[in-house]
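Have the view open as you read.

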Amino acid sequence: MRSLITCILGLACISTFAQEAQWQGPSVDFSHGALHVSENQRFLVHQDGTPFFYLGDTAWELFHRLNREEAEQYLENRRQKGMNVIQAVGLAELDGLNTPNAYGEKPLIDNDPTKPNEKYFEHVDFIVNTAKEKGLYIGFLPTWGDKATKAWGQGPVILTNDNTEDARAYGRFLGERYKDAPNIIWILIGDRDAEGYEAIWRAMAKGIGEGDRGAHLITCHPMGGMSSSKWFHDDNWLDFNMLQSGHGSFDNTNYKMIDADYNRKPTKPTLDGEPRYENHPVNWKPENGWFNDFDVRQAAYWGVFAGGLGTTYGCHDIWQMVAPGHTPISSARGSWDGSLDLPGVFDMIHLRKLMESRPFFDRVPDPSLIAEGQFDDGRHLQATRGKDYAFVYVPYGTNFKLNMGKISGDKSNAWWFNPRDGKAGELFEVKNEGVYEFDPPGEPKRGNDWVLVLDDASKGYKPL
């Protein structure tokens, strides 16, 4: 009885918090026009100049496993969380070719990529359109990578180097079908090493371009520890890079991977498209523990402050849409609908609001802000700034010193932003010169994370 009461109270608290943290209105206003790469080649921007902060969610099995009512429930929940890109797969990972969708339909006739099943894609159409109504992009993976490079998983391989025209034809079909949809971002590969299979993905990208006539951005989702830049950075069709820092360890240093992409030439935007999933066993072994809301925040702030154009949230129970009748993969311990309101997903709302609260396009990563107190482990501080503001993420609440004078103004308004609840501390003023020591609230420990915000006092920026 005690545990039941505790559970009920906990759910009540989550429900109240959810109401306070909901995103108001559609997540994206598509009247701002199509997405493009920004002029400085670092971010994404709408046609009318409105900045776009990519906040994704991994829903790989969305098309394959959910019916229409469930899909609407999921998409509405993600809209409420401030998500604006839902990453989902056409030819899904979990036996997506041979196990039919919720309506008994398979995506291809005779597993032939040149023979898509109209009934299957009518269900995909419904989800794409429902997402559009809620102001959500679909980060559309034409296929999971095991359909070209099995390596692990179920396959079967139907896209080969011997016949790349099949990949091109399938890409052309998708491009033509969704050429007028305003809410598509194409994401190729699907969790694989593309080494030796580049021709397949180049052919698919070519086919998409032929079908949608360049209407949508294209990137790639590689396997863990890799970035699309490894194979396709110099390809004109790759609009921005995506990396996967993955699920191998606590304090996985995705900021180093972002930094490597950020400094490549020619300049292209980048982001971590698959950092640690909430409720995922560390290195796939429950005995190592489970990633929680702090792990989600740490990866998100590290990646964005290191120069990422955005980030992607993920939950281990949701990407695979765990439900009765589906065998959980890799020790998943919850259901998709029971995991929609885990603590870490609310924290993504606060991140998006913070990033959209200050000038967008002049933001750069700047490690030179840190004068003292830097670490090369889970306590690592990550600093970013614009011309007249700076953010410093402090994952363990440790003291540190900053080199002032990196932003404009004689004086700086300083305040602590709490990434756990999105609330701002009281303002205090500091001289914008010399070296200044900052002491985050609370005791130094894992999970006592904060963002120091410095604003040019003359600009009149307000705390959130």
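## A helix with one buried side

In helix α8 (residues 254-262), the buried residues are Asn254, Tyr255, Met257, Ile258, Asp261 and Tyr262. Seen down the axis of α8, these buried residues fall within an arc of 160°, so they line one face of the helix. Here, buried means under 20% relative accessible area, exposed means over 50%, and partly exposed is in between (1.4 Å probe, protein chains only). The arc is taken from the directions that run from the helix axis to the C-beta atoms. Helices (H or I, at least four residues) and strands (E, at least two) are DSSP runs, numbered from the N terminus.

A word on ground rules: this is a predicted model, where local features need pLDDT of at least 70 and side-chain atom pairs count only at pLDDT 80 or more, while totals for chains, interfaces and linings use all residues. Residues are numbered from 1 along each chain as its sequence is written, and side-chain values use heavy atoms, with hydrogens and water left out.

## Strands

Strand β12 (residues 310-313) points Gly310 and Thr312 one way and Thr311 and Tyr313 the other way, and all are buried. Strand β4 (residues 54-58) runs parallel to β12, joined by 4 bridges. Across that pairing, Gly56 stands opposite Thr312. Two strands count as paired if DSSP finds at least two bridges between them.

Elsewhere, 3 strands make an open antiparallel sheet in the order β14-β17-β20. Its edge strands, β14 (370-372) and β20 (435-438), each pair on one side only. From one strand to the next, the twist averages 40°; axes are lines fitted to C-alpha atoms, for helices over the stretch in contact, and angles run from 0 to 180 degrees between N-to-C directions. Strand β17 (residues 400-403) pairs with β20 over 4 bridges, and there Leu402 sits opposite Tyr436.

What's in the pocket? Closest to the centre of the largest one are Glu93, Trp152, Asp191, Trp319 and Ile329, out of 29 lining residues.

| Space | Volume | Lining by class |
|---|---|---|
| Largest pocket | about 470 Å³ | 9 nonpolar, 16 polar, 4 charged |
| Largest cavity | about 40 Å³ | 6 nonpolar, 3 polar, 1 charged |

On a 1 Å grid over the protein atoms alone, a cavity is a set of points where a 1.4 Å probe fits but cannot get out; a pocket is an open set with protein on both sides within 12 Å along at least five of seven lines, and lining residues have an atom within 4 Å of a point. Grid points are joined across faces, edges and corners, and a volume is the space filled by probe spheres set on the points. Ala, Val, Leu, Ile, Met, Phe, Trp, Tyr, Cys and Pro count as nonpolar, Asp, Glu, Lys and Arg as charged, and the others, Gly among them, as polar.

Most residues other than glycine have a negative phi, and most peptide bonds are trans. Ala151, though, has a positive phi of about 55°, and counts as exposed at 62% relative accessibility. Met321 has a positive phi of about 50°, but is buried at 1%. The Gly155 to Pro156 bond is cis, with omega near -5°. The Lys265 to Pro266 bond is cis too, with omega near -5°; Pro266 lies in the loop between α8 and β11 (270-272).
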